[in-house]
2 protein chains.
Amino acid sequence: MSSLFDRSPPTEPSRANGFSGNRLHRLSEARPQDAVARALAQPASRLHLFLGDRLLLDFANGATRAFFGEAEARSLGLCADTLILLGTTGNAARLAAQVDEATALPASVKAIDLRSLAIQGLIDGEALGAVAQARSLLAWHANHPFCARCGARTEMRGGGVRRVCPSCGAEHFPRVDPVVIMLAVDGDRCLLGRQARFQPGMYSCLAGFVEPGETIEDAVRRETREEAGIEIGRVAYHSSQPWPFPSSLMIGCHAEALSFALTPDETELEDCRWFARDEVRAMMEGRHEGGLGVPPRMAIANRLIDAFLEAEG
Amino acid sequence: MSSLFDRSPPTEPSRANGFSGNRLHRLSEARPQDAVARALAQPASRLHLFLGDRLLLDFANGATRAFFGEAEARSLGLCADTLILLGTTGNAARLAAQVDEATALPASVKAIDLRSLAIQGLIDGEALGAVAQARSLLAWHANHPFCARCGARTEMRGGGVRRVCPSCGAEHFPRVDPVVIMLAVDGDRCLLGRQARFQPGMYSCLAGFVEPGETIEDAVRRETREEAGIEIGRVAYHSSQPWPFPSSLMIGCHAEALSFALTPDETELEDCRWFARDEVRAMMEGRHEGGLGVPPRMAIANRLIDAFLEAEG
């Protein structure tokens with residue numbers, strides 16, 4: 001079947017994106033009602049703990065530890081009603097929970113946001129992937145305690161794979177929001193924009209949520225038209241990335257520009273322009289004369305730009 | 001940039017999938033609060049009307065009409081509180097709404113489900129795409145009248161692009177659920193399964209929801225492992241399809257099998273097996289000796305199977 005897979009290089013592009021290293025076995029369909037209690041009863045089980053949006057890391061003895069045993073978790077202020085089961089690795093279960101913000105942490109334990117974790121490479125890709133899953137699920141449960149159908153309070157089931165409404169019987173599943181992120185290209189130049197909230201000088205790919213009733217390719221065209229006024233022809237899928245802020249699936253594409261005059265949406269973008277390949281290469285390599293740059297390597301936008309630089313001109 | 005787009009054939013595969021023809025301008029970000037009222041005030045505006053999940057079609061005078069003017073809509077039992085604005089086409093707005101089930105319909109007006117519409121080709125692809133958008137949005141509003149964060153009743157805004165909670169201020173956006181659907185292949189054979197709810201003899205691709213914290217490729221591997229016990233290596237994106245039952249984004253892939261002994265999940269699948277290319281071709285062409293078949297042409301599963309048949313062996 002060679003021709004079906006000509007499109008896939010030996011090293012899968014999605015694997016190079018941050019947060020993509022999750023290898024836990026989720027067993028989402030086959031979980032008992034008391035999945036969390038059973039997992040906690042296993043001595044080898046470990047927990048990822050979050051203080052708000054940030055992951056707790058223990059730096060004691062020169063190590064960097066991203067998970068804790070149950071007794072340790074209780075001493076750190078475990079909020080037992082937030083406990084979810086992520087999955088298993090080998091014979092050990094991996095869980096996640098929030099900790100109480102009022103608990104004093106030992107000096108060796110720090111709370112670090114997930115962007116910094118991914119950029120600095122403080123934990124390995126497999127742990128970072130599990131942490132991304134945890135962050136998305138914990139945020140969804142925290143922000144969805146009520147039934148959207150009838151307004152009653154819902155209850156977690158299956159160790160966090162769903163919530164059920166005891167009043168109307170509705171089942172609710174964690175949300176994953178598909179987002180298209182695209183690098184529009186025109187020969188030797190590509191289109192980058194910046195939002196006001198970006199760090200100074202950083203330019204990135206355009207992006208937006210897929211809406212009901214459209215394909216990935218049409219979402220790429222609509223978003224590029226809405227944000228930059230540029231018409232797009234061919235669209236090529238590149239890779240995908242779980243993005244735990246709070247729970248997006250980034251779908252990265254290259255997009256062939258068919259029009260070139262920019263009319264940026266000034267409510268979305270502070271600036272938007274065409275960049276020549278050489279200038280983008282300087283931005284990528286941190287040697288741009290005007291101090292402009294691109295997102296860090298862990299971001300799918302960086303990988304889309306890198307593929308553009310590597311492609312034939 | 002030829003090498004970035006070598007992957008895209010001149011005819012985009014997603015365009016061949018049913019429900020993908022939507023060409024309305026949604027203008028989701030730039031809508032006034034009274035978007036529906038303004039749209040209704042334009043004489044050229046038209047409405048897609050739904051009786052439950054089914055679209056109203058008017059077959060009067062030998063035509064097949066999938067939309068109605070406002071006065072007609074009122075005579076058919078328009079439920080004004082369900083009105084949403086889909087977008088514009090040319091100078092005309094396109095809206096959608098439910099009608100009251102108690103209203104008697106004229107003899108020329110029939111309610112038809114969206115699968116039948118797509119299979120029978122009763123309306124053109126552009127209208128079918130708009131109808132898919134309408135069905136997903138109407139279902140979301142109908143099933144999400146309360147705030148999942150605080151339990152209060154929410155209110156529609158921007159002609160249906162979001163709901164806001166007057167109690168806690170939360171904004172809620174229509175949901176799009178990414179689903180991977182994949183054809184696992186091993187040289188000259190491919191893996192097809194059937195659910196008990198399928199029509200007799202029909203076999204299709206495996207599929208499942210993308211979960212928080214995984215890439216598209218890893219979702220393909222997890223679902224194929226969970227449902228069939230087959231390990232997957234390379235994964236190649238083929239095309240995507242909006243699937244309005246109620247609001248999925250189908251992400252179609254080919255998947256390279258690395259193991260071959262089937263251990264089907266019997267709660268999900270009634271049967272699952274390897275089919276040789278010649279047998280699949282007979283199923284596709286409606287001449288299988290045992291009466292087996294595949295999904296209709298409008299389904300992305302059919303297009304994935306077709307691409308396998310067309311690929312070099």
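## Exercises on a predicted model

**Exercise 1.** Work out which residues A:Asn17 touches, leaving aside residues up to four places away in sequence, and decide whether A:Asn17 is buried or exposed.

*Solution.* In this predicted model, the contacts of A:Asn17 are A:Ser239, A:Ser240, A:Gln241, A:Met298, A:Ile300 and A:Arg303, once residues up to four places away in sequence are set aside. One of these partners, A:Ser239, also makes a polar contact with A:Asn17, side chain to side chain, at 3.0 Å. As for its place in the chain, A:Asn17 belongs to the loop that runs between helix H1 (2–5) and helix H2 (35–40) of chain A. Buried means under 20% relative accessible area, and A:Asn17 has 2% relative accessibility, so A:Asn17 counts as buried.

**Exercise 2.** Find the buried residues of helix H7 of chain A, and state which elements they pack against.

*Solution.* Helix H7 of chain A covers residues 277–284, and its buried residues are A:Arg277, A:Val280, A:Ala282 and A:Met283. These buried residues pack against strand E10 (189–194), strand E14 (271–276) and helix H8 (300–310) of chain A. Just after the helix comes A:Gly286, whose phi is positive, at about 70 degrees.

**Exercise 3.** Locate B:Leu191 in its strand, and determine how far B:Leu191 is from B:Ile230 in sequence and in space.

*Solution.* B:Leu191 is part of strand E10 of chain B, residues 189–194. Its relative accessible area is 1%, so B:Leu191 is buried. Between B:Leu191 and B:Ile230 there are 39 residues of separation in sequence, while their C-alpha atoms are 9.5 Å apart in space. Not counting residues up to four places away in sequence, B:Leu191 touches several residues, among them B:Ile230, B:Leu206, B:Leu262 and B:Trp274.

Definitions and conventions
Residues are numbered from 1 along each chain as its sequence is written. Chains are lettered from A and ligands numbered from 1 in the order in which they are written. This is a predicted model: local features need pLDDT of at least 70, side-chain atom pairs count only at pLDDT 80 or more; totals for chains, interfaces and linings use all residues. Side-chain values use heavy atoms; hydrogens and water are left out. Helices (H or I, at least four residues) and strands (E, at least two) are DSSP runs, numbered from the N terminus. Buried means under 20% relative accessible area, exposed over 50%, partly exposed in between (1.4 Å probe, protein chains only). A polar contact is a pair of N or O atoms within 3.5 Å; within protein, one must be able to donate a hydrogen and the other to accept it, and residues adjacent in sequence count only if both atoms are side-chain atoms. Contact means heavy atoms within 4.5 Å.
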